[in-house]
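Here is a short note for a colleague who is opening this model for the first time. Please read the points with the structure in view.

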Amino acid sequence: MTVVITSLRLSRLISPKPGSVSCAPFLRSNRRHNHTLVLCSKKKSFIFGSVFSSQKNSVGVESKRFSICDNHRKVASMAEEAGNPLLEQGPFPRFDAVEAKHVLPGIRAVLKQLENDLAELESSVEPAWPRLVEPLEKIVDRISVVWGVVNHLKAVKDSEELRSAVEEVQPEKVAFQLRLGQSKPIYNAFKGLKEGPNWETLSEAQKRIVEVEIKEAILNGVALEGDAKTQFNEVQQELEKLSLKFGENVLDATKRFEKLITDKKDIEGLPPTALGLAAQSAKSKGQEGATAEDGPWIITLDIPSYLPVMQHVRNRGLREELYRAFITRASSGDLDNTPVIDRILKLRAEKSKLLGYKNYAEVSMAMKMASVEKAEELLERLRSASWDSAVQDLEDLKIFAKEQGAEEANDMCHWDVNFWSERLREAKYDINEEELRPFFSLPKVLDGLFGLAKMLFDIDIEPADGLAPVWNKDVRFYAVKDSSGSPVAYFYFDPYSRPSEKRGGAWMDEVFGRSRVLAQDGSSVRLPIAHMVCNQTPPVGDEPSLMTFREVETVFHEFGHALQHMLTKQDEGLVAGIRGVEWDAVELPSQFMENWCYHRDTLMGIAKHYKTGETLSESIYSKLVAARTFRAASQNLRQIRFASIDLELHSKYVPGGSETIYDVDRRVGQQTQVVPPLPEDRFLCSFNHIFAGGYEAGYYSYKWAEVLSADAFSAFEEAGLDNEKAVKETGRRFRDTILALGGGRPPLQVFIDFRGREPSTDALLRHNGLLRTPVAA
């Protein structure tokens, strides 16, 4: 449910993930992805790829061929002779062949060579674009080839052997990144370029690169000396290890819980799809005779298994057991993340002081659109706008449960809210999400999504399976083509949950970024490649993957991230696609795409019964639209809780002080949760986003970007959603601004380019049913 954002410098380099941009992890909002449940991650990675050539840069200076190129070929040649697929430099990574045994020799071979390459660059660097930025991009690109593949495989094909290899070599990789990020010759060359006579000859995107590199170098500790620099580097190394450990503990804790059920009465209400998945899980655990009808069944804390229980099972005791297990994951025993969190927060505070900041939130905001004060101001505005409605939401549930004769009506607990919300939704709108699954088969959803992309952005998406190696048989590969039929990008799609090896959540990451410098085979630019990863309900038996509406929204969300990566027109690799886009703006395209799930033509094109071909009825479509704002205020508060605790822990919390992290969470919860959190709530121990996913002091970004995305979509509403010509024209403008300009222009200016004005919160509040004002003509 997120994007994995790319950066070339250490201050924004985070191992996955959810979440990657984060993706997602890298959790998403309310009705969309139930952020307490789906923790996707946002991480930073590097660029992939690389064959170099002599060419003219944009200011007309010939770029000299560095011996880096020859050195890379030597490394590749040696690796190929040794049979290490991790280092092969073909058109696509060898996801199918890379194993844990390849990690140590592969990473070390590249790091050894890049140490020499970096030393050579430092000795010859000049404050001129082709002698500074182009060779720097090539160096970074090479480490991305190997580390990006390893990081991705660890997220989707985890194993003890792979973990061990990554943990062993990660300190060496981080040490190189520290050296690169703290290179004074490179830093001084960037300052010289900005202050020199050629500054005005650079393009807007090139100037952005220079300014960002200078700022990031400072955040990487380039100005530190002696003991301070040593301490900073030690802190960074330990933070990387702790981030890795945190995510592994969450995955292991999720995998460790299994609930075997033999009596169907215990899971009365569980829909057929979920029963089939539970029986399939039981079979995989040795229960050979398990069937959907007669069991036995195994329930896990993986979202496709956990969430249907919380929404549909009448057995309140089972719901309570699962809820308590879910909110206490990774909070005890050998998987306890409490000391990991305490140490992470202490080290982040230490890092902030070394850099001269009051707290880590200020460090985080240095590379974002918002300030700490502006983020808090937005959260408070949304909180105050949501609170009274959320109180009424709970009261409505109690009244409805009482009408049904439920004992819990006067004692509504956390494990009751989802269950009674679904019952009230069904009664109020006559919509049963599980009964809608047959209308949302994955093939039809993709057909509709790709058709929408063609209408809005004038692109064609075609299957290209077999062109690139994949890591699992279920992974699909696609080509994105322009109106002339020429490829402009490619992407992988890994849709299904695999709890034994794949981390939870949904995310998008880049495989290759668009780059002029890294073009090959006579091309003018290297084409971008992305991968989208989800964790939706897998096919059961002979049926296709039948999706909930939330899962449909997740696919649209991640595709929005992928579109910004793939449809960029920036040729400067360091700001192409999602690179260089401020963190709190990067969710704009993803959340924007979710709005189209409620667009009539789009939804009716998707919603076809997988057996009969019957289209979803107009009445049900109308009810889906009407139900869009159902409990929106409550879900807003849920997101605001996450964002608020994140900012509080990174701006005001004192590690080792009078309050524990759980004291802070309970205090924040009093202002953001109508049903206060349980005293034993330890959701922080599984909050991958801020402790293992790159969202630290940045979780507010979801709401910040949702303001931008809602306002952007309102441009289509104003044009007239039934006016195809106007929608197409607006879509082309969206592509040419939001999707095309990448990080080469400040995001606020990009938004103004599209919208003609600065953003307003009104559209978001209106979409959530919290502000009812007419759309401007």
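1. Start with F457. Beyond its neighbours within four places in sequence, F457 is in contact with L563, L567, F592, M593, G731, R732, F734, R735 and L739. Keep in mind that this is a predicted model.

2. As background, nonpolar side chains in soluble globular proteins tend to be buried together.

3. Now the aromatic rings. The count comes to 41 aromatic pairs. One of them is formed by F592 and W596. Their centres are 6.2 Å apart, with 75° between the planes, and the pair is edge-to-face. F592 and W596 are both buried.

4. W596 has a further partner in F713. The ring centres of W596 and F713 are 5.1 Å apart and the planes meet at 85°, so this pair is edge-to-face, the cut-off being over 60 degrees. The pair links distant parts of the chain, 117 residues apart. W596 sits in the loop between α19 (588-594) and α20 (600-606), while F713 is in helix α25 (residues 701-719).

5. How buried are these two? W596 has a relative accessible area of 0% and is buried. F713, at 3% relative accessibility, counts as buried because the limit is under 20%.

6. The rings named so far can be seen as part of a group. One aromatic cluster is formed by F457, F592, W596, F713, F716, F734 and F754.

7. Two charged side chains lie over rings. R503 lies over the face of W507, at 3.6 Å from the ring centre. R682 lies over the face of Y662, and here the distance from the ring centre is 3.9 Å.

8. Turn to helix α9 (residues 272-284). It has 13 residues and reaches 18 Å from first C-alpha to last, close to the 18 Å expected. Its buried residues are T273, A274, L275, G276, L277, A278, A279, S281 and A282. What do they pack against? The partners are β6 (297-300), α10 (303-312) and α16 (433-436). Just after α9, G286 takes a positive phi of about 105°.

9. R437 is worth a look next. Is R437 buried or exposed? R437 counts as buried, at 3% relative accessibility. It is found in the loop between α16 and α17 (442-457). Leaving aside neighbours within four places in sequence, R437 is in contact with T273, T537, L546, M547, T548 and E551. T273 is one of the buried residues of α9. R437 and Y610 are 173 residues apart along the chain, yet their C-alpha atoms are separated by 9.2 Å.

10. Last, K215, in helix α7 (residues 204-219). At 40% relative accessibility, K215 counts as partly exposed, because that value falls between 20% and 50%. Which residues does K215 contact, leaving aside its neighbours within four places in sequence? They are A366 and M367. K215 and M367 are 152 residues apart in sequence, but 8.2 Å apart in space, C-alpha to C-alpha.

Notes:
Residues are numbered from 1 along each chain as its sequence is written. This is a predicted model: local features need pLDDT of at least 70, side-chain atom pairs count only at pLDDT 80 or more; totals for chains, interfaces and linings use all residues. Side-chain values use heavy atoms; hydrogens and water are left out. Helices (H or I, at least four residues) and strands (E, at least two) are DSSP runs, numbered from the N terminus. The expected span of a helix is 1.5 Å times one less than its number of residues. Buried means under 20% relative accessible area, exposed over 50%, partly exposed in between (1.4 Å probe, protein chains only). Contact means heavy atoms within 4.5 Å. Rings of Phe, Tyr and Trp (its six-membered ring) pair if their centres lie within 6.5 Å; planes under 30 degrees apart count as stacked, over 60 as edge-to-face and the rest as tilted. A charge sits over a ring if NZ of Lys or CZ of Arg is within 6 Å of the ring centre and within 35 degrees of the ring normal.
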